[in-house]
Amino acid sequence: MNQQAKNPKTAQWQALSQAHHLAPFSDYKQLAENGPRIITEARGVHLWDSEGYKILDGMAGLWCVAVGYGREELVEAAARQMRQLPFYNTFFQTAHPPVLELAQAIAQLAPAGMNHVFFTGSGSEGNDTMLRLVRHYWACKGQPNKKVIIGRENGYHGSTVAGASLGGMKFMHEQGDLPIPGIAHIPQPYWFGEAGEQSPEAFGIWAADQLEKKILELGEENVAAFIAEPIQGAGGVIVPPDSYWPRIKEILAKYDILFVADEVICGFGRTGEWFGSQYYGLQPDLMTIAKGLTSGYVPMGGLIVSDKVFEVIEAHGDFNH
Ligand SMILES: *Cc1c(COP(=O)(O)O)cnc(C)c1O
């Protein structure tokens with residue numbers, strides 16, 4: 001516990017943490033020794049903790065509070081909606097205005113030809129949805145063997161079973177016997193850390209070529225999709241060399257596999273465009289969204305689906321997810 005706390009409530013909250021709260025991505029031994037910092041308030045880009053310290057929130061919550069804290073209009077819209085209709089499902093031929101209007105608003109911001117949105121509770125669930133939808137898509141097209149999804153070492157795609165498997169973080173895979181079958185990984189385009197003597201240009205080409213190598217190794221007939229963030233957020237904010245995405249685009253054009261852009265961090269303005277895919281001129285078949293979608297005011301994610309994929313799914317009928 002933190003012995004230096006000036007506010008007696010800090011120690012009380014830290015005791016509650018120790019007694020009852022299991023925090024995500026935390027070292028429980030360290031947490032027991034030091035206690036968590038208790039955040040009690042926020043406005044704009046600043047946080048306040050229980051000791052009265054004002055902190056610049058450089059990480060925007062957890063990469064999510066894109067519009068900042070204290071947005072009264074969001075608070076009011078949520079309160080209004082909760083009074084009118086706090087919940088209804090959209091299973092079995094029902095819908096409600098907010099879900100429809102939000103889907104339209106997102107389709108209008110997304111790259112051309114991406115007009116359909118499946119909503120989830122988080123980005124992780126968005127990627128779980130992606131895995132099922134992508135495999136279902138290929139099955140509908142009479143190619144049920146196209147199952148393998150290629151991700152990148154050290155990439156992060158969430159913490160559900162599929163999300164953590166798609167990601168390439170070894171310390172996550174070690175717990176819970178991951179990845180699940182049908183997932184492969186290629187190196188990340190991390191020039192600064194892993195290129196040795198190679199120029200950024202040459203390393204970018206090398207890293208992109210690993211995708212082609214993996215497709216050939218697995219067999220194109222077994223590969224469903226490639227998933228990547230336009231700029232890799234968690235794992236080091238890895239901006240790929242300029243040569244990387246153009247080469248990946250060439251490879252994707254050569255093989256019949258889907259491209260999934262994980263826009264959970266890059267989406268909703270982080271690169272100056274609405275989506276990181278637009279910044280790099282990428283044409284994804286699917287895009288996972290979360291975080292900036294609601295700026296963290298409510299937990300929410302989704303999967304934006306291109307017309308090409310949607311038309312196949314629609315013709316089949318049921319999506320049992
Ligand atoms: C945070 C994150 C996710 C998971 O989103 P959650 O809403 O936390 O489940 C997926 N992909 C990327 C790139 C992320 O940064």
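Predicted model: local features only at pLDDT ≥ 70, side-chain atom pairs only at ≥ 80, totals over all residues.
**Two sheets, strand by strand**

Visitor: How many bridges join strand 2 and strand 3, and in what sense do they pair?
Guide: Strand 2 (residues 46-49) pairs with strand 3 over 3 bridges, in the antiparallel sense. Strands here are DSSP runs of E, at least two residues long, helices are runs of H or I of at least four, and both are numbered from the N terminus. Two strands count as paired if DSSP finds at least two bridges between them.

Visitor: Thanks! Which residue stands opposite Leu47?
Guide: That's Ile55, in strand 3.

Visitor: And what order do the 3 strands of that open sheet take?
Guide: They run 1-2-3, with antiparallel pairing. Strand 1 (39-43) and strand 3 (54-56) are the edges: each has a single partner strand, so one side of each has no neighbour in the sheet. From one strand to the next, the twist averages 30°. Axes for such angles are lines fitted to C-alpha atoms (for helices, over the stretch in contact), and angles run from 0 to 180 degrees between N-to-C directions.

Visitor: Switching over: what's the strand order in the open sheet of 7?
Guide: That one goes 4-10-9-8-7-5-6, and its pairing is mixed.

Visitor: Do strand 5 and strand 7 run parallel or antiparallel?
Guide: Parallel: 3 bridges link strand 5 (residues 148-152) with strand 7 (residues 223-228). You can look for Ile149, which stands opposite Ala225 in strand 7.

Visitor: Which strands does helix 5 lie across?
Guide: Helix 5 (residues 97-109) lies across strand 4, strand 9 (286-289) and strand 10 (301-306), and runs at about 130° to strand 4. Contact here means heavy atoms within 4.5 Å.

Visitor: Last one: what domains does the protein have?
Guide: The domain assignment gives domain 1 (2-58) and domain 2 (92-314); such bounds come from an automatic or database assignment.

Visitor: How far apart are their C-alpha centres?
Guide: The centres of domain 1 and domain 2 lie 34 Å apart.

Definitions and conventions. Residues numbered from 1 in each chain as written. Heavy atoms only, no water.
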